[in-house]
Amino acid sequence: MPLMPETCDKIIFSDFFKKNVKPLRNFLFYKYGNKESAEDLTQEAFIKLWKNCATVPIEKAKSYIYTIANNSSLNEISHQKVVLKYEKNHSVNDTTNENPEFILEEKQFKNKLLKAIENLNSTQRIPFLMHRIDGKKYSEIAEELNISVKAVEKRMHKALIELRKEIDVI
Amino acid sequence: MEENYFLAKWLNNELTEKELADFKTTADFEKYEKIKKHSSHLEVDDFNESNMLQEIISHKKANQQTIPLYKKWFVQIAAILVIALGISFVLQQSATETEFALNGKKTSFSLPDNSKVTLNSGSEINYKKRDWSNHRNLELSGEAYFKVAKGKTFEVSTALGKITVLGTQFNVKSRKNRLDVSCYEGRVKVNYNNQEVVLTKGKSIAFADGSPIEIPESDVIEPEWLNKELVFKKEKIDNVLSELNRQFDVEITVNSKPLNQLFTGTIPVNNLDQSLQILTSVYHLKSRKVNRNKIILETVDTQK
């Protein structure tokens, strides 16, 4: 019998899936703002990988699923605003020693930030959220978006400037 | 001028101390700091990952259909080759091997256990190579001399009876109505109808038309026919002629009154004329060659 490719091994595949499924789903969510669509597209990408496991080595699997995700497209209608939220226990920590005025200010700022992110264009929003939420390095983001690290830095830089401006306007 | 995306560097904590100190003095620093802080506490809802994984892995079946064709061919061809090889091996192993010696020829060959067999003219042996060391049995029609290697029971089946030995040397001659077995070494068991006879070295036995014939003990170490001599013991003339027919690949017929006298004696088979001379002098016959292969023996009287 020929050796089974690693990608076809259920344990190796499951491992790869667990490591990459949420960041991929998130990436597609940052792109389209629609969680259901993001999950559907994520599932499709992994199904393609599973079906072609014999021809995709495990070390190429990540770029394989991101290529599928990058090439994906949705109807205009499916595009929605990227609605995010803060971690639940996050606000609690901040409120301890601060005065009520400060708390209110913080809350307002946080809401403004969410709005500003929603208004960002997707080229800046996608790498920005990959960095802030998924904790990816610029080099990883560059690889997954198939752009240079310099381009990632440019987008991050512009995203920050854009966010700062938006917050002032709101 | 190369653009410096210092905000990106700052967000990634890559600024030098001096750059950071300079940045801190700017009016916007506090806002950027807040963006950095709060954006790190953003999250996206979880979803049921294990359900998704099950769903994905359940697609495995469809997978086989999307394997590139060449891989399928390769696998199919490989499988066919393996199966074909396997079948041919089994067939080869279980196929019946045939060894024979045409009239006028002799053949020697070895069995899988290195037992030696010499086939006399006009004889045939069938056996199976498969599991030979455990099932040493073969079918003989005609005459053969065996030098059996030590091992499990060795059986020779003939139309008239069965000969069973362990390791030994013996000769079996199986003719139409007569079976001759001679033992040259060891012990040989002969089953004929319901009789069982055990032969030891030098002993021979013959059964003709259902009854045993006593054969005197002999001290020869191997059958005479190996040395181009035919030894007959109380043999009918028809059988003697059949032997000569086999040895010389000829057709000898007798044109006379029935000859009832049994023949006992040795006939050399180097030379047909010499052999015929012995017979004709014993039976008062005369030989006449019709052609190269056909010889008629006639009584001397009728010739006159």
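Guide: Welcome! A helix axis here is a line fitted to C-alpha atoms over the stretch in contact, and angles run from 0 to 180 degrees between N-to-C directions. The model is predicted.

Visitor: Thanks! At what angle do the axes of α7(A) and α8(A) cross, and what class does that make the pair?
Guide: The two axes come within 8 Å and cross at roughly 105°. Because angles of 65 to 115 degrees count as roughly perpendicular, α7(A) is, relative to α8(A), roughly perpendicular.

Visitor: Which residue classes make up the contact of α7(A) with α8(A)?
Guide: From α7(A) come A:Tyr138, A:Ser139, A:Ile141, A:Ala142 and A:Leu145, and they meet A:Val149, A:Val152, A:Glu153, A:Arg155 and A:Met156 of α8(A). Sorted by class, the contact has two charged residues, one polar and seven nonpolar.

Visitor: How do α3(A) and α7(A) cross: parallel, antiparallel, perpendicular or oblique?
Guide: Helix α3 spans residues 58–71 of chain A and helix α7 spans residues 138–145 of chain A; their axes come within 8 Å and cross at roughly 60°. Perpendicular would need 65 to 115 degrees and parallel under 35, so α3(A) is, relative to α7(A), oblique.

Visitor: Which classes do the residues of the contact of α3(A) with α7(A) divide into?
Guide: On the α3(A) side are A:Lys62, A:Tyr66 and A:Asn70, which meet A:Glu140, A:Glu144 and A:Leu145 of α7(A). These residues divide into one polar, two nonpolar and three charged.

Visitor: What covers the buried residues of α7(A)?
Guide: The buried residues in α7(A) are A:Tyr138, A:Ile141, A:Ala142, A:Glu144 and A:Leu145. Their cover includes α1 of chain B, together with α1 (10–32), α3, α6 (122–132) and α8 (149–169) of chain A.

Visitor: Which residue follows α7(A) with a positive phi?
Guide: Its phi is near 60°, and the residue is A:Asn146.

Visitor: Let's step back to the whole of chain A. What pattern does chain A follow along the sequence?
Guide: Chain A has one strand and eight helices. Of its 170 residues, 46% are buried. Read along the sequence, the pattern is α-α-α-β-α-α-α-α-α.

Visitor: Which residues does A:Ile58 contact, leaving aside its neighbours within four places in sequence?
Guide: A:Ile58 is placed in helix α3 of chain A. The contacts of A:Ile58 are A:Glu6, A:Thr7, A:Ile12 and A:Phe16.

Visitor: On to aromatic rings. Are B:Phe6 and B:Phe23 stacked or edge-to-face?
Guide: There are 21 aromatic pairs over all chains. In this one, the ring centres are 5.3 Å apart and the planes stand at 80°, so the pair is edge-to-face.

Visitor: How many residues apart in sequence are the parts tied together by B:Phe6 and B:Phe23?
Guide: At 32% relative accessibility B:Phe6 is partly exposed, while B:Phe23 is buried at 4%. B:Phe6 belongs to helix α1 (residues 6–11) of chain B and B:Phe23 to helix α2 (residues 17–24) of chain B, so the parts they tie together are apart in sequence by 17 residues.

Visitor: And what kind of pair do B:Tyr145 and B:Tyr184 form?
Guide: B:Tyr145 and B:Tyr184 are both buried. Their ring centres lie 5.6 Å apart with the planes at 85°, so the pair is edge-to-face.

Visitor: Which strands hold B:Tyr145 and B:Tyr184?
Guide: The pair ties together parts that are 39 residues apart in sequence. B:Tyr145 lies in residues 136–147 and B:Tyr184 in residues 178–185 of chain B, so the strands are β6 and β10.

Visitor: Which lysine lies over the face of B:Trp10?
Guide: In chain A, A:Lys110 lies over the face of A:Tyr86, at 5.0 Å from the ring centre. Over B:Trp10, at 4.8 Å from the ring centre, lies B:Lys36.

Visitor: Last one: where is B:Asp249 found?
Guide: B:Asp249 is not a glycine, yet its phi is positive, at about 55°. At 42% relative accessibility B:Asp249 counts as partly exposed. Its place in chain B is the loop between α7 (237–248) and β16 (251–255).

Note on methods: Residues numbered from 1 in each chain as written. Chains lettered and ligands numbered in written order. Predicted model: local features only at pLDDT ≥ 70, side-chain atom pairs only at ≥ 80, totals over all residues. Heavy atoms only, no water. Helix = DSSP H or I, 4+ residues; strand = E, 2+ residues; numbered from the N terminus. Parallel < 35°, antiparallel > 145°, perpendicular 65-115°, else oblique. Contact = heavy atoms within 4.5 Å. Nonpolar A, V, L, I, M, F, W, Y, C, P; charged D, E, K, R; others polar. Phe/Tyr/Trp six-rings, centres within 6.5 Å; stacked < 30°, edge-to-face > 60°. Buried < 20%, exposed > 50% of the residue type's maximum accessible area, 1.4 Å probe, protein only. Lys NZ or Arg CZ within 6 Å of the ring centre and 35° of its normal.
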